[in-house]
Amino acid sequence: MNIVVRHALVQIPANLARVPLGASRHTLAKNRWRGVAANGRSFTFELEEPLVHGAIFHADETAFYVLLQDPEKILEIPLGSPTATARLAWMIGHHHFPVQIKGSTLRLADQPAARRLFALEHVCFRERKSVFQPFRPGYPH
């Protein structure tokens, strides 16, 4: 049985098993898509607004279902002085790379164009695999 999801749940019933449904960042950005949870249950998402990593989207008498964004390869750059950070922001913004600020680091998806830019500009970065949630207009950061 396919279940249609239109929005996230506001409240989660207590004492239920947690069942994940994994999806890529690009899939979670869509309003319409299909997915299969870890227990094999199928869902069709017909949303007004895309859901995010960690959103609880369905519950029944035995379980609640949560979206888990797939980790991806990212580049992480420690933020330095205000001048260095402003220069870095200008370089990355000029190339329209989506970014996420996490603590004192700037994160972006690992892509060849970013690596070339950082090599050219001598920007040190660290490679990681993590959930990447770039800024999206109209969403809390």
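**Reading helix packing and burial in a predicted model**

Analyst: Helices α2 and α3 lie oblique to each other in this predicted model.

User: At what angle do helix α2 and helix α3 pack, and how far apart are their axes?

Analyst: The general idea is that two packed helices are described by the angle between their axes and the distance between the axes. In this structure, helix α2 spans residues 82-94 and helix α3 spans residues 112-121. Their axes are 11 Å apart and meet at an angle of about 140°. Roughly antiparallel would require an angle over 145 degrees, so the pair is classed as oblique.

User: Is the crossing of α2 and α3 left-handed or right-handed?

Analyst: The crossing of α2 past α3 is right-handed.

User: Which residues of α2 and α3 meet?

Analyst: From α2, the contact involves Arg87, Leu88, Met91 and Ile92. Their partners in α3 are Leu117, Phe118 and Glu121. Sorted by class, this contact of α2 with α3 comprises 5 nonpolar and 2 charged residues, with no polar ones.

User: What follows α3 in the backbone, and which phi value does His122 take?

Analyst: Just after α3, His122 adopts a positive phi of about 55°, although His122 is not a glycine. His122 belongs to the loop between α3 and β10 (126-130), and its relative accessibility of 70% places it among exposed residues. A further case is His96, whose phi is near 60°, again positive in a residue other than glycine. His96 sits in the loop between α2 and β8 (99-102) and counts as exposed because its relative accessibility is 69%.

User: Is His58 buried or exposed?

Analyst: For such a reading, buried means under 20% relative accessible area. His58, in strand β5 (residues 56-59), has 17% relative accessibility and therefore counts as buried. Residues up to four places away in sequence aside, His58 touches Ile3, Leu9, Arg41, Phe43, Ala63, Phe64 and Tyr65.

User: Where is Leu21, and which residues does Leu21 touch?

Analyst: Leu21 is part of strand β2 (residues 17-23). With 0% relative accessibility, Leu21 counts as buried. Its contacts beyond four places in sequence include Trp33, Val36, Phe43, Phe45, Phe57 and Leu68. Between the C-alpha atoms of Leu21 and Gly80 there are 37 Å in space, and the two residues are 59 residues apart in sequence.

User: How does Thr85 count by relative accessibility, and with which residues is Thr85 in contact?

Analyst: Thr85 is located in helix α2 and counts as partly exposed, because its relative accessibility is 23%. Apart from neighbours within four places in sequence, Thr85 is in contact with Leu79 and Gly80. Thr85 is 66 residues from Val19 in sequence, and the distance in space is 40 Å, C-alpha to C-alpha.

Notes:
Residues numbered from 1 in each chain as written. Predicted model: local features only at pLDDT ≥ 70, side-chain atom pairs only at ≥ 80, totals over all residues. Heavy atoms only, no water. Axes fitted to C-alpha atoms, helices over the stretch in contact; angles between N-to-C directions. Helix = DSSP H or I, 4+ residues; strand = E, 2+ residues; numbered from the N terminus. Parallel < 35°, antiparallel > 145°, perpendicular 65-115°, else oblique. Left-handed = near helix turned anticlockwise from the far one by under 90°. Contact = heavy atoms within 4.5 Å. Nonpolar A, V, L, I, M, F, W, Y, C, P; charged D, E, K, R; others polar. Buried < 20%, exposed > 50% of the residue type's maximum accessible area, 1.4 Å probe, protein only.
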